[in-house]
Amino acid sequence: MPTRREFLSKGLMLVTIGVAAPAFLAKTGRATPEMGVAPSVTSRGALVVVQLSGGNDGLNTVIPYRDPLYSQLRPQLGLPESEVLPLDDTLALHPALAPLKARFDAGQLAVVRGVGYPNPDRSHFRSMDIWQTADPVAYSQSGWLGRYLAGCQCSAGSQAGGVAVGQALPRAFWTESVFVPALSSLDGYRFQTDPRWPADRDAKIQTLQELDARHEAIRPYADFLGQQSLNALASTDELQRVAGAWQTPISYPENGFAQGLKAVARLIAGDLGARVYYVQIGGFDTHANQKNTQQRLLDQLATGLDAFQNDLEAMGKADQVLTMTFSEFGRRVHENGSQGTDHGTAEPMFLLGAGLKGGLYGTQPPLDDLDNGDLRYQVDFRAVYATALERWLGASAEPVLGASYPLLDFLS
Amino acid sequence: MDQTRRELAHLLRRAGFGATPAELDAAVGLGYDATVERLLHPERVPDDVDAQIAALDLDQSKIEGLRLAWLYRMLLTARPLQEKMVLFWHGHLTSAVSKVGGPRAPALFQRQLALFREQALGNWRDLLRGISRDPAMLAYLDNRLNRKGAPNENYARELMELFTLGIGNYSEADVKEAARAFTGWTVNRDLTFTVTPRQHDDDVKTVLGHTGNLDGDGVIDAILDQPAAASYLAGKLFRFFAYDDPEPQVIDRLGGVFRDSGYDLRTLVGAILHAPEFRSERAYHAHIKSPVEFTLGVVKALDAQALPRDLPAVLRRMGQDLLNPPSVKGWDGGPAWINAMTVLERANFANRLATARGDQSYLDAAALAQTYRTPDALVDHFAEQFLDGDLPASSRAALLDYAHQGGDLAANPNAADRTIRGLAHLVMAGPLYQLG
């Protein structure tokens, strides 16, 4: 049998074959009243989670530009006042984030300062797991978004409650009972058949579904493989239909991150009905030569998010989507000997959308009170998650996060 | 399929990339033990794969050409275990083109793969010394910038966390001190290894209880003195070859064998391939084939020697971008290979090879129609060719049902073409063929 870990990791539908097969084969792809699911009526729209992989240097992202300690501790990497984009008298954005500065001025960007958790872990893998499972203490297998989707019952059959853009399904979505497709491209997401016998396609799909559902195999992964294939076949046509509707007027940058957001925009425009989307942008592990790398990545982040928000405006949904960015940790305050920084702790998070209250939240970690060279966190990341869960998705946060957290005011 | 043949098919899937019908016949003729010995001693097996690859005229000065050349080597080599180990080392002691990039990257990765090939079944200490001096690795984990007075911890951390010991078997202090020991280990302008003395911290350090003026080799010695070192790698190799979640006593036993051999990799891998656990029902078809194993397995099962030119891109879409693993942890493997997207990629690759016609053809449908004249015979043939004959009754019924829809195979060449190619596609796209 697949281990519990494998079931959790792939969002398997744990229903017996006899019950599930007709639903899949009918290919309705939508939650129907007979399935006993009532879509949550209190959600204000979709949540888009943007993961910055590698540990983004928060101190050069949201910058205490007038603090004398900043330039003292970062003689080479520190950004001069003349280059940064002030948000107020003490904090400024990295110059590459100009599009986000414009959103801040328009009241559409919330900056939460000093986000982290107690006893921070500096391993990429452990810290990313902590952010995705919302559990810094135990080694939880399930993800916070998976637990949310399981609880809200907004996925049923092959209806996608969430969609991840990228190669692998992030642990944030891992759960027993929910199917979340991981897509690397919408256009490639279809079952291909023999070009000489195109009319044979349906017969092939039906046969493959039977192989998936009725293999009677006793091998450990056979059930898992069959289930994944059934889910994929059931959802391809639905996703193609949904994604085909919207022709965007916006020109997105030609990089993987922006194209991923473009795919999300298509699914939102086509009313897929998914509650959560997940996109990643990587490369932030700047141990060396940070200046150019971070500049390039923050530019991709800002221009991608800006194009996405413009697209949402064009389709009339700018206030129906909340985008949230995070990274697995910030970086050390002192620069290292390679014009870079090593793994650190607290960092800022951005929230973007026309439905939030822009401004500065949390507290900037002081540079004169470090924890062994690292910033002390001021806001627990689970409080940010709780705010999104309760005030945006309309869900109760405590069952998802295991405890209550004080909510922030970037959402009313 | 009889048990001996099945066992050898399993061995050649795990210790290599599968087998053509002729390769499987040859292995059955030799027997299990002799086949394992042949795999463990590549130096005794003549191999003209270099000449075969040269004849293909691939541009190995570009990364994509290098990837394709490596795939051909995996497909055509007479030394499959050696090449399977190269793939293992690439996923374990990771470097990636996305970080190492630049015009010299192909040459750097050629060199790294050559190191892995040379030490594939060699000595773990020697391999660690080699990879710590490897220019691509020095770039990937930034050790080329690790300097006295301002150490860069990246290599020291991943060396202990991921390559040799695992979390919990070293401390943050060990990482910091080990970083100091590796200072000054860098690359020249011509991208060869060098130690820059004035950048090297030659003060006393303590790493894992070893104190002295340690350099990188001193750190490696300290690591290999730890009891955890043998069982960490033994566990990783056992999971790679046999099955996940091994019993702790199996790993203890293999770790002991490894340590007692002085960290001889051939001894460890041999112990795994001869182990009753590796030969058990529990291990059989217990893996999910990686994209490389799936695609090369298809080509070998179809007895072909040509790869689609865009195979590296296909593998990328399946989640295995050779020379560019997604993180320093390599590829998670197992169920991580499978999601809705990659399921479709595998099915579509199977369709592509099953339905290719003309001079790109992998399947001679007309010839198969002559040999296997009924749907039953065809289904049996594909079950034997792809699934070790292991096809459950209900799956057989579904495939027969599909075959019967095509019309009379004997009378109608179109029906034969549609049905034979369709059956091959369905068997290769089905869940059981993903098992490795």
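This is a predicted model: local features need pLDDT of at least 70, side-chain atom pairs count only at pLDDT 80 or more; totals for chains, interfaces and linings use all residues.

**The second largest pocket and helix packing in chain B**

Mentor: Helix 21 of chain B gives the largest share of the lining of the second largest pocket, namely five residues. The volume of this pocket is about 480 Å³. Its lining is made up of 27 residues, and those nearest the centre are B:Ala19, B:Ala301, B:Gln385, B:Phe386 and B:Asp388. Two or more lining residues come from each of helix 1 (3–14), helix 2 (21–30), helix 17 (291–301) and helix 21 (375–387) of chain B. Sorted by class, the lining holds 11 nonpolar, nine polar and seven charged residues.

Two of these lining elements, helix 1 and helix 2 of chain B, also pack against each other, at an angle of about 115° and with their axes 10 Å apart. Their crossing is right-handed. On the side of helix 1 of chain B, the contact involves B:Arg5, B:Leu8, B:Ala9 and B:Leu12, which meet B:Pro21, B:Glu23, B:Leu24, B:Asp25, B:Ala27 and B:Val28 of helix 2 of chain B. This contact has seven nonpolar and three charged residues, with no polar ones.

We may now turn to other helix pairs of the chain. In general, a pair of packed helices is described by the angle between the axes and the distance between them. For helix 15 (residues 248–260) and helix 16 (residues 265–274) of chain B, the axes come within 8 Å and cross at roughly 150°. Because the limit for this description is an angle over 145 degrees, helix 15 of chain B is roughly antiparallel to helix 16 of chain B. The crossing of helix 15 of chain B with helix 16 of chain B is right-handed. B:Leu254, B:Val257 and B:Phe258 of helix 15 of chain B make this contact with B:Leu265, B:Thr267, B:Leu268, B:Ala271 and B:Ile272 of helix 16 of chain B. Seven of these residues are nonpolar and one is polar, while none is charged.

The last pair is helix 6 (residues 80–92) and helix 8 (residues 105–118) of chain B, whose axes come within 8 Å and cross at roughly 125°. Helix 6 and helix 8 of chain B are therefore oblique to each other. Helix 6 of chain B passes helix 8 of chain B in a crossing that is right-handed. Helix 6 of chain B contributes B:Gln82, B:Glu83, B:Val86, B:Trp89 and B:His90 to the contact, and helix 8 of chain B contributes B:Leu113, B:Phe116 and B:Arg117. By class, this contact has four nonpolar, two polar and two charged residues.

Definitions and conventions
Residues are numbered from 1 along each chain as its sequence is written. Chains are lettered from A and ligands numbered from 1 in the order in which they are written. Side-chain values use heavy atoms; hydrogens and water are left out. On a 1 Å grid over the protein atoms alone, a cavity is a set of points where a 1.4 Å probe fits but cannot get out, and a pocket is an open set with protein on both sides within 12 Å along at least five of seven lines; lining residues have an atom within 4 Å of a point. Grid points are joined across faces, edges and corners, and a volume is the space filled by probe spheres set on the points. Helices (H or I, at least four residues) and strands (E, at least two) are DSSP runs, numbered from the N terminus. Ala, Val, Leu, Ile, Met, Phe, Trp, Tyr, Cys and Pro count as nonpolar, Asp, Glu, Lys and Arg as charged, and the others, Gly among them, as polar. Axes are lines fitted to C-alpha atoms, for helices over the stretch in contact, and angles run from 0 to 180 degrees between N-to-C directions. Angles under 35 degrees count as roughly parallel, over 145 as roughly antiparallel, 65 to 115 as roughly perpendicular and the rest as oblique. A crossing is left-handed if the near helix is turned anticlockwise from the far one by less than a right angle, and right-handed if clockwise. Contact means heavy atoms within 4.5 Å.
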